[in-house]
Structure formats: structure tokens, C-alpha cells
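Keep the viewer open as you read.

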Amino acid sequence: MPTTCQSLIVRLQSGSDRVSWDEFFDVYHPYLVRFVESRGLRGADVSDVVQNIFMRLMKALGRARYQPSRGKFRSWLRRIAERGVIDWHRKRRRESTHAMPMDVADSQVPVDFDWEAEHRRTVLKHAIAVIRSESVPQTWECFERHVLQQIPAPSVAISLGVSTNSVYVNSFRVVTRIRETCHRFAEDLRDDCASTVSR
């Protein structure tokens with residue numbers, strides 16, 4: 001049975017599960033980098049702010065238990081990330097002789113950063129990378145050519161020297177495993193993530 005996002009967070013709160021932290025970092029680091037860059041930061045500033053956001057996350061997870069009934073994890077993550085960027089702007093404004101307008105520091109997330117769409121893309125990209133690393137090469141080739149490249153199954157079968165049925169079966173197996181991996185993070189977006197793979 002696939003691990004849910006909630007149970008992953010519970011394992012993170014134990015503080016001793018390095019594998020869970022690594023997986024969490026692999027998924028959310030690029031997600032947070034794109035968010036911070038959407039706020040106009042670049043280079044070392046992005047790294048500093050993302051690192052600070054992760055530190056805030058670790059402290060917050062250590063202090064309180066995640067309660068799904070009080071809201072989505074992504075909403076909580078968004079608040080922490082926004083606060084990290086706002087604090088960075090305020091710090092820079094204090095340190096700079098050129099004051100930054102308050103509306104820049106305290107503005108909401110720009111419309112060009114879609115939290116839901118970015119989360120969906122990040123989770124799907126992570127799931128594909130994980131399953132690719134775990135798959136038998138021929139199984140992955142069937143999936144990649146038939147599902148991702150949308151090459152007809154009979155053509156894939158001829159090029160790989162397998163039966164058409166094998167192409168369908170292998171593709172289905174990979175799609176199923178990607179769906180299960182998406183379920184760990186996607187919360188209510190699970191079906192959207194899975195349907196994206198199936199298209």
C-alpha cells in the first residue's frame with residue numbers, strides 16, 4: 001500500500017528517518033526554488049532563502065503535529081515559504097541604503113506562480129525519476145515510448161523485439177507505480193497527477 005503524504009510527515013516528525021527527509025527534500029527543494037525565484041530572487045539569495053525555509057519547516061515539524069483536518073500541507077508550506085521571502089526582503093531593506101517599497105516585501109504570491117500546478121509537476125517529475133531508476137530497462141522503454149512519446153504499441157513492440165501485449169502490460173505497470181508514488185505527496189491532487197501520466 002502506498003505511503004500517504006500524512007504518514008510521510010509523521011515520519012519526518014520523528015526526526016530519525018533520514019530516507020524520508022531525503023525524499024522530502026528531493027521533492028520540495030526544486031518546488032521552493034521555483035517559488036523563491038518567482039519572487040524576484042536570484043543566485044545565492046535563492047539558496048539562502050530556501051535553506052531558511054527548510055530550517056523553519058524542520059523547527060515547525062518538531063514543535064507541532066500535522067493535522068490534516070486543519071488544512072492541506074501545501075497551504076501550511078506556502079505560509080512558511082511566503083514568510084521566508086518576506087523576512088528576506090525586510091532584512092535587505094534594513095541593510096540597504098536604498099529602501100525597498102513595502103508593497104514589494106509584503107505582497108502576496110505573484111499570479112505567475114501557481115502552487116497547485118507547480119506541486120503537481122514537481123510530484124510527477126519526482127515520481128517518474130524514482131520509478132525510472134527502479135525499473136528494468138525494457139519495461140521503462142515500453143512505457144517511455146508508448147506513453148510519454150505516444151508511439152503506437154505495435155511500433156514499439158517491433159523496435160524492442162517484444163509482443164504488443166508486453167508493451168501494454170509494461171506500460172501499465174509503470175503507470176501504476178508512478179501513480180502510487182504520486183499518492184505519497186499529492187494529497188487531494190492524487191487523481192490529477194495520475195491522470196497526467198495516463199494521457
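Two residues are in contact here when they have heavy atoms within 4.5 Å of each other. Please bear in mind that this is a predicted model.

**H2 against H4**
- H2 and H4 form a right-handed crossing.
- On the H2 side, the residues that meet H4 are Phe-24, Tyr-28, Tyr-31, Leu-32, Phe-35 and Val-36. Their partners in H4 are Phe-73, Arg-74, Leu-77, Ala-81, Glu-82 and Val-85.
- Sorted by class, this contact of H2 with H4 has 10 nonpolar residues, two charged ones and no polar ones.

**H2 against H6**
- H2 also packs with H6, at an angle of about 140° and with the axes 10 Å apart.
- That angle makes H2 oblique to H6.
- The crossing of H2 with H6 is right-handed.
- From H2, Glu-23, Asp-26, Val-27, Tyr-28, Tyr-31, Arg-34 and Phe-35 take part in the contact. From H6, they meet Trp-115, Glu-118, His-119, Thr-122, Val-123 and His-126.
- The contact of H2 with H6 is made up of six nonpolar, three polar and four charged residues.

**The nonpolar cores**
- In soluble globular proteins, nonpolar side chains tend to be buried together.
- In this model, the largest nonpolar core contains 38 residues. Tyr-28, Leu-32, Val-36, Ile-53, Leu-57, Leu-77 and Ile-178 have the most contacts inside it.
- At least two residues of this core come from each of H2, H3 (44-63), H4, H6 (115-134), H7 (137-148) and H9 (164-183).
- Which helix gives the most to this core? H2 does, with nine residues.
- There is also a second, separate core of seven residues, which includes Cys-142, Ala-153, Ala-157 and Val-167.

**A look at Met-58**
- Met-58 is found in helix H3.
- Is Met-58 buried, exposed or partly exposed? With a relative accessible area of 48%, Met-58 is partly exposed.
- Met-58 and Trp-21 are 37 residues apart along the chain, and their C-alpha atoms are separated by 9.8 Å.

How values were computed
Residues numbered from 1 in each chain as written. Predicted model: local features only at pLDDT ≥ 70, side-chain atom pairs only at ≥ 80, totals over all residues. Heavy atoms only, no water. Left-handed = near helix turned anticlockwise from the far one by under 90°. Helix = DSSP H or I, 4+ residues; strand = E, 2+ residues; numbered from the N terminus. Nonpolar A, V, L, I, M, F, W, Y, C, P; charged D, E, K, R; others polar. Core = buried A, V, L, I, M, F, W, Y, C linked by side-chain atoms within 4.5 Å. Buried < 20%, exposed > 50% of the residue type's maximum accessible area, 1.4 Å probe, protein only. Axes fitted to C-alpha atoms, helices over the stretch in contact; angles between N-to-C directions. Parallel < 35°, antiparallel > 145°, perpendicular 65-115°, else oblique.
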